[in-house]
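I'm jotting down what I looked up, one topic at a time.

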Amino acid sequence: MIEFHLDSRSGVAPYLQIVHQVRHALRLGLLCEGDQLPTIKAVVSRLAINPNTVLKAYKELEYSGLVASRPGIGTFVVQTLSGAPLVALGPLRNELERWLGRARRAGLDEESIEALFRDCFRSHAGEDVA
Amino acid sequence: MIRLTWLQFRLQSAVALAALAAVALAVALTGPQLAHVYDTVVAPCLQRAPDSCGPTVSAFNNSDQLLQTVLNDAVLIVPALLGIFWGAPLVARELERGTFRLAWTQSVSRHRWLAVKLGVVGLASAVLAGLLSLMVTWWFGPLDQVHANRFDPSVFDLRGIVPIGYALFAFVLGVTVGVLAPRILPAMAITLVVFVGARYAVTTWVRPHLMTPLQQTQTITYSPGFGLAQGADAGSGLFLIPPDPNLPNAWVYANVAVDQAGQPPSSQFLQSACPWATGGGGDGGSGSTGTSQGSGNVTTGPSASGGPTADQLHACLSAIDARFHDVVTYQPADRYWTFQGVETAVYAGLSLVLAWLCLWWVRQRIA
Amino acid sequence: MTAVIAAAGLGKRYGRQWALSDCTLAIPAGQVVGLVGPNGAGKTTLLQLAVGLLAPTTGTITVLGEPPAASAAQLGRVGFVAQDTPIYPTLSVGDHLRLGAWLNPSWDQALAARRIQALGLDPRQRAGKLSGGQRAQLALTLAIAKRPELLILDEPVASLDPLARREFLQGLMEVVAEGGMSVVFSTHVIADLERVCDYLVVLVASRVRVAGEIDALLAEHRRLTGPRRDLDTLPPGQHVVEVSHTGRQSTLLVRSAGPILDPAWTVEPVGLEDLVLAYMSQAQGTAQPGPTLREVSR
């Protein structure tokens, strides 16, 4: 059974962290179809987080079609994430490597590259643009 | 709630039981012997020849001297101790330690919480004081018979049922003070002061008025206590000491010799009726066990060293009796239990008033 | 949704000092509510008013629809643990459970025994000899085992070491997961809020600064950064919580119901900790939170 952990300083909402960890486990094959996710009570008793948080995470996963909850029994994996994304990673990785090369040639050092990346990543993730 | 009260009260009740057991042991070991001595030695002597029993009675009065003091002191201080150690901390400890924030957020109203505690520990106080008084009253039976002074505060307060009233009052007083002054040590001190003050006030100003005393008029005779005394200051003349009224176990408020108009005999009258009385030189004489008033000389009966002759005495007394009578204001001995009952009821009534007050205050407190 | 705690204009004064003023709240049921504020803000006063240990000077408060401590039955529906976790030092752990059983008709002895065993507490040990963490757990057990609808905890983890704090919260969340109970707890430590609470009340200097569901609050608050400019150029409907200007840049923390449309601003979400800190650093005195101008020289 998967065990969750929480990084309270990551800036990511707790329920999203759980969602990500489940998806990550599915991707890596640590969770297969038919596996049961930990009960809300078990998660809460280990992590000391609000049960509604876990509930929200499980509902989100259910909405994505990855898990299904059977009342009185538990929450079970119904679909894994296929390896296809691994394949799509190839071209993306190449693009990134080309960009990194261009950034270095423009004179940016490692810290500047990281700062630029983080800034774009954050504003892309949270921006309400209109 | 009753079970919780006992749980919190465990230690105090154990201490009290141990002390009571110790007293019971002392009383059981020495009491029967004391009664036996009285029955076989003192009582027969007093019946046969009361005047010659002096040494016997003295010896009897001095037996178990230490235990006498201990038992009397025990009954005296136990009510105050109950007020200080059972009453004052009952609520004050909860307030000082903050445990009231635990106790008053359980599913029990504050009133019920306090009422049950008052009831259970109050009952325990009354029972403890009652048992102690019972044992001490029984033990002192023979001695009290001999002294015949049951109404004297040093005896009245320490016998019978009044200690129950004192104990109950002291306890409820302590609880009330603890509700108002929510720190234990000040509450204990205030309880002691107020209790002592109340006891003094009731004994001095309330007890004498609980029943109207009787008045008895009798002839002034030459009997124990009679005397003619010279005032201490030069020129203050003679005054008359009436004889002891011989009312064993009664409470004598006043014993004065007065005429029809209520006036005591004047010095001139006494000097003319009993001329032998002036000029000092008198002493106790065989008929007198009287007290001397003033620091003058007391001249009484015939004695070898120049007291009045029998005729002079007779003349003196006739002259006095013609105009003056002995008026004794007193509570008769058979009112003893009435007084015990009424005083206990007074203290019980005060306890109820305080209990009601403290239930009312505990609701207002802290809020 | 019914409110577990509803206050209207609630105030409490000691002598001349107002410990709590003009407090109006409607805390919904079924949530874990965090009451946050610096020391002396009035949190303990509010919680003690809610359990009837204090009486209001002004205003009203109802708990589960009734005035606090209105009856023995109402006292049974509310569990309370005071700030210093009072227990009777001379009574044993087992005695405390008996106390709970005797004084609470709704006492669940099985739950209490289970918890005590899971915590590793010896029923025969005198409560005065327990460590701070064990005391807190005992006090929590006493409050939980009577199966209250509402649990009120006053700074329950303030004096606990990190491990004891974690264990306390684990136990608490477990009970919440079993269902039905609302929890209100006060704290001056912000770090645990987001993982534990659904609802937030910020109390500073005797006044409520902000109250609401955490998800909604996070959705409504934004950090705006952009070139330096005056505040009156903001469109209406934005409520500025905190402002700081440098020579070239303005940073605002803003509460707004709708999206921010001005392209000159870079809009970012605000973390819960920053949000709480912004409200806590607001100036005192005004009932409506207003902007605080802070010149920050860089």
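**Where chains C and B touch.** I started with this contact, which takes 22 residues from chain C and 17 residues from chain B. Here two residues are in contact if their C-beta atoms, placed from the backbone, lie within 7 Å. On the side of chain C that touches chain B, α2 (72-77) and α3 (93-103) each supply at least two residues. The largest share of that side is five residues, and it comes from α3(C). I sorted that side of chain C by class and got 16 nonpolar, two polar and four charged residues.

**Ground rules.** This is a predicted model, where local features need pLDDT of at least 70, side-chain atom pairs count only at pLDDT 80 or more, and totals for chains, interfaces and linings use all residues. Residues are numbered from 1 along each chain as its sequence is written, while chains are lettered from A and ligands numbered from 1 in the order in which they are written.

**Chain C on its own.** I found nine helices and 14 strands in chain C. Helices (H or I, at least four residues) and strands (E, at least two) are DSSP runs, numbered from the N terminus. Of its 298 residues, 46% count as buried, meaning 20 or more other C-beta atoms lie within 10 Å of a residue's own, with C-beta atoms placed from the backbone. The C-alpha trace of chain C spans about 70 × 40 × 35 Å along its principal axes.

**Two helices in chain B.** I checked how α3 (residues 65-97) and α5 (residues 110-147) of chain B pack: the angle is about 175° and the axes are 10 Å apart. Axes are lines fitted to C-alpha atoms, for helices over the stretch in contact, and angles run from 0 to 180 degrees between N-to-C directions. That makes α3(B) roughly antiparallel to α5(B), the word for angles over 145 degrees. Among the residues making the contact are B:W86 of α3(B) and B:W139 of α5(B). By class, this contact has 13 nonpolar, two polar and one charged residues.

I read its pattern along the sequence as α-β-α-α-β-β-α-α. Its radius of gyration is 19 Å, well over the 14 Å that the globule rule gives for 130 residues, so chain A is more spread out than a compact globule. The radius is taken over C-alpha atoms, and the rule is 2.2 Å times the number of residues to the power 0.38. Buried residues make up 23% of chain A.

Notes
Angles under 35 degrees count as roughly parallel, over 145 as roughly antiparallel, 65 to 115 as roughly perpendicular and the rest as oblique. Ala, Val, Leu, Ile, Met, Phe, Trp, Tyr, Cys and Pro count as nonpolar, Asp, Glu, Lys and Arg as charged, and the others, Gly among them, as polar. A residue is buried if 20 or more other C-beta atoms lie within 10 Å of its own, exposed if 12 or fewer, and partly exposed in between; C-beta atoms are placed from the backbone.
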